[in-house]
Amino acid sequence: MRSIRAAAVGAVTLSLALAATACGGGSSSGGGSNDSPKELTYWASNQGAGVEVDKKVLQPELDKFEKETGIKVKLEVVPWSDLLNRILTATTSGQGPDVLNIGNTWSASLQATGALLPWDAKNFEKIGGRDRFVDSALGSTGVQGQDPAAVPLYSMAYALYYNKRMFADAGITKPPATWDELVATGKKISKGGKWGLGAEGANLSNNIHQVFVLGKQHGADFFTADGKPDFTSDGAVAAVKQYVDLMAADKVVAPGNAEYAQNQSLSDFAKGRTAMVLWQTASATFKTMGMKDDEWGVAPAPVPSGTPGADRATNSMVAGINMAVFKNSDNLDGATRFVKFMTSDAEQKLLNKAYGSIPPVKAAQSDPAFNTQATAVLRETLATSAAALPQVSDESQFETAVGTAVKELFADAAAGREVTTESVKEKLAKAQQQMPNK
Amino acid sequence: MTTTTASAQPGERTVGKSSPGTARGPRRRPGRIRRLGLPYLLLLPALLLELLVHLVPMVIGVVMSFKELTQFYIRDWTTAPWTGLDNFTMSVDFDAPVGEALLHSFLVTCAFTVLSVGLCWLIGTAAAICMQDTFRGRGLLRAIFLVPYALPVYAAVITWAFMFQHDNGLVNHVLHDQLGLTDKPSFWLIGDNSFVALLVVSVWKGWPFAFLIVMAGLQNIPRELYEAAALDGAGVWQQIRRITLPSLRPVNQVLVLVLFLWTFNDFNTPFVLFGKAAPEAADLISLHIYQSSFVTWNFGTGSAMSVLLLLFLLLVTGVYLFLTSRATRAPRTPRKHEERRTADA
Amino acid sequence: MPRSPMAAPRSFTWTRRVFLTLLTGFVLLPVYVMVSSSLKPLEDVAGQFHWLPGNLTVRPYIDIWSTVPLAKYFVNSLIVAGAATACSVVIAVFAAYAVSRYEFRGKRVFSVAVLSTQMFPGILFLLPLFLIYVNIGNATGIALFGSRGGLILTYLTFSLPFSIWMLIGYFDSVPRDLDEAALVDGCGPLRALFKVVVPAAVPGIVAVAVYAFMTAWGEVLFASVMTNDATRTLAVGLQGYSTQNDVYWNQIMAASLVVSVPVVAGFLLLQRYLVAGLTAGAVK
């Protein structure tokens with residue numbers, strides 16, 4: 001009996017010891033290597049209508065790359081619901097892909113982990129130089145003054161989409177260029193179960209994108225120059241209030257939009273229930289929802305002056321996808337070659353066409369496909385009047401805290417409660433207190 | 001034998017029961033080694049797995065709660081600086097926003113859990129008792145009742161979210177458009193009603209489990225008990241009260257406890273229903289902790305909150321087991337069972 | 001009740017009828033919504049709810065297979081949940097038998113420790129467990145993370161505590177005299193377990209198996225980080241129908257129904273074992 005119990009105790013200790021070694025942190029942390037030069041793992045984000053569609057778009061290109069270089073790329077398309085968690089666990093454990101796509105607003109946060117390969121001048125040289133990329137897209141690749149943590153792959157921008165028939169029915173001849181015009185237009189349309197503008201009130205990221213741009217127009221930045229949260233400045237409060245007031249005071253947004261978080265505002269638009277939406281690259285979605293291309297128009301998102309430009313005339317955030325390389329990859333050279341391939345002019349044209357996005361590579365933008373009704377406005381916006389979200393390591397906390405505050409304000413507005421400067425300021429102050437203090 | 005003696009607690013089973021292994025050992029031929037080593041051998045696989053998958057990660061989690069584990073350190077968490085009790089003091093400082101939000105979330109979770117577990121148990125037990133009798137369609141009905149349990153969580157909850165929509169949902173369609181119970185359509189996924197929505201979904205998802213377990217438990221009640229009671233002139237209602245419910249006690253004790261623990265820690269339901277940020281009225285603690293760790297990338301604070309939660313649940317479980325054990329130990333006339341036992345033997 | 005020869009009183013039958021009807025309605029309401037939505041084109045699903053679908057289409061049932069690799073996810077889920085259930089039940093039967101029938105040191109500690117694992121929020125296991133799997137992989141070459149094996153291991157452990165606790169209860173209610181008689185007849189303890197105790201506790205074991213299966217079948221969080229394209233399970237895979245720009249409501253519903261049919265059918269087959277009475281099987 002003793003022997004058996006000893007065995008049991010031994011087994012328990014063994015498993016404990018095994019587990020204890022497991023506590024010894026994740027990564028084989030050091031730098032990368034070129035130990036397996038013939039293979040790469042690539043996590044792509046879901047850009048098209050489903051992961052299978054993405055595979056069909058990407059696989060032929062990966063085959064092309066293999067033919068050119070002899071490097072086999074193992075592709076996994078990771079759904080958005082999992083992507084950030086997968087990246088976080090990969091970072092913690094050191095078990096990740098060689099190359100991956102990231103949402104460009106995550107760049108600074110992921111940069112802070114130190115797990116991604118910094119794109120210094122030398123690395124940029126390997127993919128043809130920094131100058132090949134559009135400035136605004138480069139602005140969303142990491143904290144300013146540091147080497148970017150990723151390179152831009154696909155770009156997107158916000159624009160005002162409108163329903164041509166509904167505009168014509170209401171006697172509106174041209175899309176609004178200022179917020180006042182937008183509200184006036186919206187009021188003309190908002191009657192009889194139809195509404196002027198759609199919003200995604202419960203979608204935190206979308207809320208952030210909208211109030212960030214409005215903040216710019218009010219001269220507010222949500223973060224101080226040295227990266228401290230600054231949510232309660234007059235400009236920030238005014239921006240948030242203006243956005244929520246579209247529902248609360250102007251009543252051009254249906255109260256029901258307060259709970260939208262699954263792109264219901266797009267389907268409302270496609271069904272002719274709302275006349276306008278502020279959205280990023282929505283054309284493909286309209287098509288799947290049964291709306292024909294000539295039924296909708298697109299115009300730059302409104303700005304106070306009527307003419308989009310820099311600073312207070314900003315009318316979009318820089319939306320898009322970046323491509324990053326894990327520092328501890330065992331095929332660093334192959335990984336950079338792959339990034340070079342994916343950001344080459346030819347691939348950029350092809351991929352961005354497939355996904356309806358705009359290439360962040362200057363040379364690729366000249367393709368006529370990016371000069372159509374749907375894409376010209378977006379391209380122009382990216383080039384002249386789009387600003388990157390704050391590139392601070394606390395960006396994701398910012399999205400959660402302020403995005404939630406806006407969501408709650410929308411809920412108040414929908415329930416018929418008043419939204420005042422004080423109530424907005426109070427919510428934002430609460431959001432700010434939840435930010436990590438440094 | 002019998003269900004009633006079985007009602008001795010796993011925890012206190014050591015006390016009241018004679019075990020064949022020791023007390024009646026001499027009847028068995030195998031030697032001492034086999035006899036005494038065997039239980040450990042039987043337990044070994046379970047023990048190893050629990051250590052590997054539950055206990056060790058839990059210990060690591062506790063260690064993490066004393067660290068400042070933000071995105072700057074997750075690449076090698078052992079290098080994260082120690083912060084002592086900072087994560088804890090921040091979590092329980094109820095005057096500051098973080099602590100206040102946690103307290104609020106905790107209270108919401110308590111209310112939600114009590115209601116949800118109560119309803120799940122009630123419906124599950126009632127349904128199981130109703131389905132004791134054979135009647136036409138019983139098998140079909142039983143399978144139907146297990147449907148909520150068989151649907152993948154994501155699908156089930158997303159369907160409810162779909163039904164709870166303000167503009168196009170079925171719930172408002174019925175309550176407002178067809179029955180005219182409300183002046184205007186209500187919001188279910190934001191604002192105060194979200195608590196009700198969450199509760200409905202949780203009960204819908206949860207009661208079939210109670211049903212399943214109670215149904216299996218009912219099979220163990222010897223029918224002679226009912227026959228004897230019927231002879232004594234007890235009606236159906238009395239039989240339920242005097243035989244069914246007391247006999248279910250051991251099953252219920254564990255059932256209610258795990259339902260409580262699961263509901264308290266439920267993450268999937270609020271996450272799919274509300275997304276990353278739940279409305280204040282339905283801000284369950286697991287989602288709150290998820291937000292404080294994964295979404296804001298501060299795993300130290302999240303761990304500290306979890307440890308506090310663990311302590312609370314340990315306390316509740318301890319008290320619960322203590323009270324229910326005492327209650328079960330109280331005499332509940334196992335005489336009839338004893339009679340039956342002799343009859344069987 | 002069949003147990004009492006007397007007919008149940010009216011009040012009881014009526015209460016029962018009303019209650020079961022209401023409950024069936026409550027249970028089936030979302031199921032009806034799923035069925036009707038899965039038969040509508042996407043534009044209609046997103047619009048005002050109507051009890052009867054206007055335009056019927058079976059298109060979603062065709063599209064589900066190409067939007068995401070549903071068949072692959074389904075097979076993965078079956079393998080993972082099936083293996084986890086089988087292992088979990090066997091291990092739990094052993095452990096419960098030990099606790100139910102033997103006196104040994106550390107018994108109480110074991111029972112309480114097992115239960116305490118249910119108290120820690122899953123979120124906080126995630127990262128440490130992932131680290132452990134990766135490190136075991138690095139040390140031994142056994143790939144646990146990303147493989148079905150790791151997921152099976154995780155799920156079977158998740159369902160163990162409750163399974164053990166429930167089975168202890170069921171085993172306790174199996175008359176001791178039975179296995180003792182078997183022991184006297186010369187059976188070893190294990191044979192006594194499988195020839196006497198297990199058959200007598202079939203309803204409990206089936207209930208526990210169903211529970212273990214569903215635990216593995218529906219789990220989302222761990223599956224989302226521990227699987228990759230090749231090993232992804234249904235619970236996670238279904239989210240693939242909600243893409244960045246579109247939510248294919250009708251396909252989500254169609255796919256959920258399709259994958260649930262075999263599970264419900266399995267329930268239908270199993271449910272008679274759930275109620276195979278103890279007394280019928282054991283005491284002869």
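Domain bounds are those of an automatic or database domain assignment. For chain A, this assignment gives domain 1 (39–156 + 318–387) and domain 2 (158–317 + 394–433). The structure is a predicted model, in which local features need pLDDT of at least 70, side-chain atom pairs count only at pLDDT 80 or more, and totals for chains, interfaces and linings use all residues. Residues are numbered from 1 along each chain as its sequence is written, and chains are lettered from A and ligands numbered from 1 in the order in which they are written.

The C-alpha centres of domain 1 of chain A and domain 2 of chain A are 28 Å apart. Contact is assigned to two residues if their C-beta atoms, placed from the backbone, lie within 7 Å. Under this criterion, 19 residues of domain 1 of chain A are in contact with 20 residues of domain 2 of chain A. Secondary structure elements are DSSP runs numbered from the N terminus, with helices (H or I) of at least four residues and strands (E) of at least two. On the side of domain 1 of chain A that touches domain 2 of chain A, at least two residues each come from helix 4 (107–113), helix 16 (373–384) and strand 11 (386–387) of chain A. Helix 16 of chain A supplies the largest share of that side, 6 residues. Residue classes are nonpolar (Ala, Val, Leu, Ile, Met, Phe, Trp, Tyr, Cys and Pro), charged (Asp, Glu, Lys and Arg) and polar (the others, Gly among them). The side of domain 1 of chain A that touches domain 2 of chain A comprises 11 nonpolar, 8 polar and no charged residues.

Chain A as a whole contains 18 helices and 11 strands. Its C-alpha atoms fill a box of roughly 85 × 55 × 40 Å along the principal axes. The radius of gyration is taken over C-alpha atoms, and the globule rule is 2.2 Å times the number of residues to the power 0.38. For the 438 residues of chain A, a compact globule would have a radius of gyration near 22 Å, and the value of 24 Å for chain A agrees with this. A residue is buried if 20 or more other C-beta atoms lie within 10 Å of its own, exposed if 12 or fewer, and partly exposed in between, with C-beta atoms placed from the backbone. In chain A, 58% of the 438 residues count as buried. Of the contacts in chain A between residues at least 6 apart in sequence, 76% join residues at least 24 apart.

Helix 9 of chain A (residues 204–217) is largely enclosed by the rest of the structure, because 13 of its 14 residues are buried. The expected span of a helix is 1.5 Å times one less than its number of residues. Helix 9 of chain A should therefore span 20 Å, in agreement with the 20 Å between its end C-alpha atoms. Just after helix 9 of chain A, Gly219(A) has a positive phi of about 75 degrees.

Chain B has 16 helices and 0 strands, and 54% of its 345 residues are buried. For contacts in chain B between residues at least 6 apart in sequence, the share that joins residues at least 24 apart is 67%.

Between chain B and chain C, 104 residues of chain B are in contact with 106 residues of chain C. Helix 3 (residues 32–64) of chain B gives the most to the side of chain B that touches chain C, 18 residues.
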